[in-house]
Amino acid sequence: MRSHLPHHPRRSAAAVPAVAALALALAACSGGSSDDGPVAAASAPSTISGNIEFWHFFTDREAEVIQSVVDDFETANPGVTVDVKSGQDDQKMRQAISAGQAIDVGLSYSTDQVGTLCSSGDFVDLTSFIDRDGIDLTQIPDTVLSYTEFDGSRCTMPALADVYGLYYNKTLLAAAGYTEPPKTLDELADMAVALTTYNDDGSIKTLGFMPLLGYYENSEAHWAPGADAQWLNDDGTSAIGSSEGWQTLLTWQQGLIERLGGYDLLADFQAALGQEFSAENDFQTGKVAMNIDGEYRTAFIADQAPDLDYGTAPVPSAAGHEDTYGAGYITGNIVGIGKGSTNPEAAWAFIKYLTTNTDAQVALSNGLKNVPTTADAIASPDLEVSDQFKTFLDIFENPNSQTTPPSPLGPEYQTILGTHTQKWRAGTVDDLPGMLKQVDDEINAAVQLQAGS
């Protein structure tokens, strides 16, 4: 698991089979082509047929949900057969596409990859298909659209969204006298201290909130919107050192670490954490009272801890940013056509079905408990919305919600910051502004190196 990154494939580390040799799909129909890969035919075909190969990262229960929607697509398009390759992580998919394998449709778990997927040409520009078929992109929030394109190329469409908020154990909060979740970081810190209990040997028994980045979904990106912490300037260089939000967040973090007993004590607790996507997840077992997580956690709780009495809320805001409370971090799954596709029209029809068909979006959301990305799907009476899940729909539609900007570096700029925040949380850095300036320098050097490559 990439604990230093803002999001990572759910369960993919446990299910990444070796890439088998793939047979080229026979094309029964195809669009045009250019030096940059397939483009849309002048007019949409009246029928589509042939085989397409579809790679995605989901496994187990979630792979079954994906397969059910694939089955629905094949029923609606009896001339098309979708060969599904589940449990494939992004790196293997990109390597296969770059090696010339004819992957028609790829589903990526990381929006951070859109810069490399677009700039490398591994995923083709979908603009010709979108324009020809009159796809209504106003159905999709601008924040989501921003992570589907890079440098003028919209090489992906959003399949579903991941939205991050605060989970809280109602029973533990009530026992400490709290009836509501925190709305500010200061309130979160005070409640975290009050909710933390210790064993006789001084170790932590129950933790109010874990301030260490890298614990489950605690990441820089998921905290950033609450303090309006910025990542990149318009020219792609680092804005981290000049953004006051990062100093605000990291100073708050260090203060809470000290109030809870120090880094070593928290690190010992973290070392014994339950596996994130198992029934031993610390929040699900009551070892942690409050935690940042995505909307998909609601499905895991229903499956693994159905008796847990919990609520969800937006991530608390920093002082001075109280008016943005209710917003949060948005990312999600993106899907595109591989540059070697031998059946791009069928590939596009499948992508269009996954990303714009209301019934498909609702079925995926109900099964995976991810947030659908179209307004019609969110408004559908068939969408299953619990009180806990509604929090994430509200965050998704909040105009102040943010995402990480696309970059030709992919997620490297976030990795660079994470390398330094690991040292900061351990207390080995005294000069926070100086550290953030060093982060700027390293990111900018990587940007220059990439531009010259």
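Okay, housekeeping: it's a predicted model, so local features need pLDDT of at least 70 and side-chain atom pairs count only at pLDDT 80 or more, while totals for chains, interfaces and linings use all residues. Residues are numbered from 1 along each chain as its sequence is written, and side-chain values use heavy atoms, with hydrogens and water left out.

So, the build. We've got 17 helices and 11 strands, which are DSSP runs (H or I, at least four residues; E, at least two), numbered from the N terminus. The radius of gyration is 22 Å, close to the 22 Å from the globule rule for 453 residues, so the chain is as compact as a globular protein of that length. That's taken over C-alpha atoms, and the rule is 2.2 Å times the number of residues to the power 0.38. Buried residues make up 57% of the 453; buried is under 20% relative accessible area, exposed over 50%, partly exposed in between, with a 1.4 Å probe and protein chains only.

Now, salt bridges: a side-chain nitrogen of Lys or Arg within 4 Å of a carboxyl oxygen of Asp or Glu. The count comes to 12. Take Arg-94 with Asp-122, closest N and O atoms 3.1 Å apart. That pair links distant parts of the chain, 28 residues apart, with Arg-94 in helix H2 and Asp-122 in the loop between helix H3 and helix H4. Asp-122 is buried at 2%, whereas Arg-94 is partly exposed at 24%. Arg-297 and Asp-293 also pair up, at 2.8 Å, and both are buried.
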